[in-house]
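The following report describes a protein model from its computed geometry. Please consult the sequence and the coordinates alongside the text.

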Amino acid sequence: MLIDHAHCEKKAASTALSLMYRYVDNHDLLNKMSRLAREELRHFEQVLAIMKKRGVAYGHLSPARYAAGLRKLVRPEDPGRLVDVLIVGAIIEARSCERFAMLAPHLDDTLADFYNSLLKSEARHYQDYLKLARQANGGPVEDRVGEFLAVERELIEEPDSEFRFHSGPVTDSFPESELSL
């Protein structure tokens, strides 16, 4: 879980930086994504420090199907592309916040405190992404969010062959030893 969490933080920072490079004329987006990238990289560093203390080696993971499944709906042309990327970011951040809150009571005190400390920033990231999506769309995005949530529901209800922070239920063939911290 920690290895995947580190990857998620790094990917979140990368997404924010990518948006900054692509949309250089959007001042609000540049400011929000700059702050978000710094926070996500700080979270990445914090996860790495926890892993080091616990003797967990950071390694490569294959891409998770959750984010890839959401990105399949992203329209190829702007402004739809920007709106959709921001919606995907909002959904991922909201789910992360939700999962941190659900996991914390089942973890040791150090990890529980860490995950609880992330809740505020993850909630702010979710709000920032949605606000930027509305701005890019020039109005409400709730219908489009609903389309993404329908796909997301399938992604989190379908069994997964690999444990990931945003995975669905793990299939029986998944080794139990992989679920430990």
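Does Gly59 count as buried, partly exposed or exposed, and what is its relative accessibility? At 27% relative accessibility, Gly59 counts as partly exposed, where buried means under 20% relative accessible area, exposed means over 50%, and partly exposed lies in between (1.4 Å probe, protein chains only).

## Basis of the model

The model is predicted: local features need pLDDT of at least 70, side-chain atom pairs count only at pLDDT 80 or more, and totals for chains, interfaces and linings use all residues. Residues are numbered from 1 along each chain as its sequence is written, and side-chain values use heavy atoms, with hydrogens and water left out.

## Overall architecture

The protein chain has 6 helices and 0 strands, giving the pattern α-α-α-α-α-α along the sequence. Helices (H or I, at least four residues) and strands (E, at least two) are DSSP runs, numbered from the N terminus.

The radius of gyration of the protein chain is 16 Å, which agrees with the value near 16 Å for a compact globule of 181 residues. This radius is taken over C-alpha atoms, and the globule rule is 2.2 Å times the number of residues to the power 0.38. Along the principal axes, the C-alpha atoms fill a box of roughly 45 × 30 × 30 Å. Of the contacts with a separation of 6 or more, 73% are between residues 24 or more positions apart; contact means heavy atoms within 4.5 Å.

## Surface and burial

Buried residues make up 41% of the 181 residues in the protein chain. The accessible surface comes to about 9,900 Å², of which 54% belongs to carbon and sulfur atoms. These areas come from the Shrake-Rupley method with a 1.4 Å probe, and for residues only the protein chains shown count as cover.

## Nonpolar cores

A nonpolar core is a set of buried Ala, Val, Leu, Ile, Met, Phe, Trp, Tyr and Cys residues joined through side-chain atoms within 4.5 Å. The largest one has 25 residues, and Leu19, Leu29, Met33, Leu86 and Ile87 have the most contacts inside it. At least two residues of this core come from each of H1 (2-22), H2 (27-54), H3 (65-71), H4 (80-103), H5 (109-137) and H6 (142-157). H4 supplies the largest share, 8 residues.

Beyond its neighbours within four places in sequence, Leu29 is in contact with Leu19, Met20, Tyr23, Leu82, Leu86 and Leu132. A second, separate core has 16 residues, including Met1, Leu2, Ala6 and Val47.

## Individual sites

Glu152 lies in helix H6 and counts as buried, at 1% relative accessibility. Not counting residues up to four places away in sequence, Glu152 touches Tyr66, Leu70, Ile91 and Arg95.

Phe165 lies in the segment after H6. Because its relative accessibility is 5%, Phe165 counts as buried. Apart from neighbours within four places in sequence, its contacts are Met1, Asp4, Cys8, Ser96, Arg99, Phe100 and Leu103. Phe165 and Ser96 are 69 residues apart in sequence, with a C-alpha to C-alpha distance of 8.1 Å.

## Loops

Gly59 is found in the loop between H2 and H3. Leaving aside neighbours within four places in sequence, Gly59 is in contact with Ile3 and His7. Gly59 and Leu149 are 90 residues apart in sequence and 30 Å apart in space, C-alpha to C-alpha.

Pro79 lies in the loop between H3 and H4. A cis peptide bond joins Asp78 and Pro79, with omega about 10 degrees. In general, most peptide bonds are trans.
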